[in-house]
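Here is a short report on a few residues and their surroundings. Look at the picture before reading on.

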Amino acid sequence: MTGRWIMKIVAVNKSASYEYFIEDKFEAGIVLEGSEVKSIRKNNCNLSDSFCFVRKGEVSLKNMHVAVYDKSGAFNTRDSRRDRKLLLHKAEIAKIVGKVNERGYTLVPLKVYFSGSLVKVEVALCRGKHTYDKKQSLKEKDIARDKDRQIKEYV
């Protein structure tokens, strides 16, 4: 299998599409230790309550939980929710900084996945939804589910 990368999704931030309007997506690498990669490979990763921030021209992912790998030994004493640096191009960071400085924009991690043997994080520039927007999106989701159910019963 040459030239093709297998993408295995490890963790998805389900609340992001409910809480935010997703404007623009970026693929970022992430700085991890070897035992963290092994733990992520075993799906011991969680994106709930995690967010990204920019400080000194670097993007960091805060509050992502990566469970301690059980076979790592006594030398792995790192915090499971430590800040992790995201690897992006300078032009992408400049675009993100410009939008985040505007009112209402934030940077949210959407999913963690393997692209080949590399761990990647998909981050998105988002605008927050109001409560009426959230109700509208739930209503559209219910209508689509009912429509699919009726089509399934008809066939």
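Predicted model: local features only at pLDDT ≥ 70, side-chain atom pairs only at ≥ 80, totals over all residues.

Residues are numbered from 1 along each chain as its sequence is written, and side-chain values use heavy atoms, with hydrogens and water left out.

Buried means under 20% relative accessible area, exposed over 50%, and partly exposed in between (1.4 Å probe, protein chains only).

| Residue | Relative accessible area | Class |
|---|---|---|
| M7 | 47% | partly exposed |
| A11 | 6% | buried |
| E36 | 6% | buried |

Helices (H or I, at least four residues) and strands (E, at least two) are DSSP runs, numbered from the N terminus. Strand β1 spans residues 7-12 and holds M7. A11 sits in strand β1 too. E36 belongs to helix α2, residues 34-41.

Contact means heavy atoms within 4.5 Å. Neighbours within four places in sequence are left aside for A11, which touches C45, L47, L110, K111 and V112. How far apart are A11 and C45 in sequence and in space? They are 34 residues apart in sequence, and their C-alpha atoms lie 6.3 Å apart. With neighbours within four places in sequence again set aside, E36 has contacts with V66, R82 and R84.

Now the surface. M7, I9 and V12 form a nonpolar patch there, with about 270 Å² of accessible area together. Nonpolar side chains (Val, Leu, Ile, Met, Phe, Trp, Tyr) are joined within 5 Å, like charges within 9 Å. Accessible areas come from the Shrake-Rupley method with a 1.4 Å probe; for residues, only the protein chains shown count as cover.

Methods: Patch = residues over 30% accessible without salt bridge, like charges linked within 9 Å, V, L, I, M, F, W, Y side chains within 5 Å. Salt bridge = Lys/Arg side-chain N within 4 Å of Asp/Glu carboxyl O.
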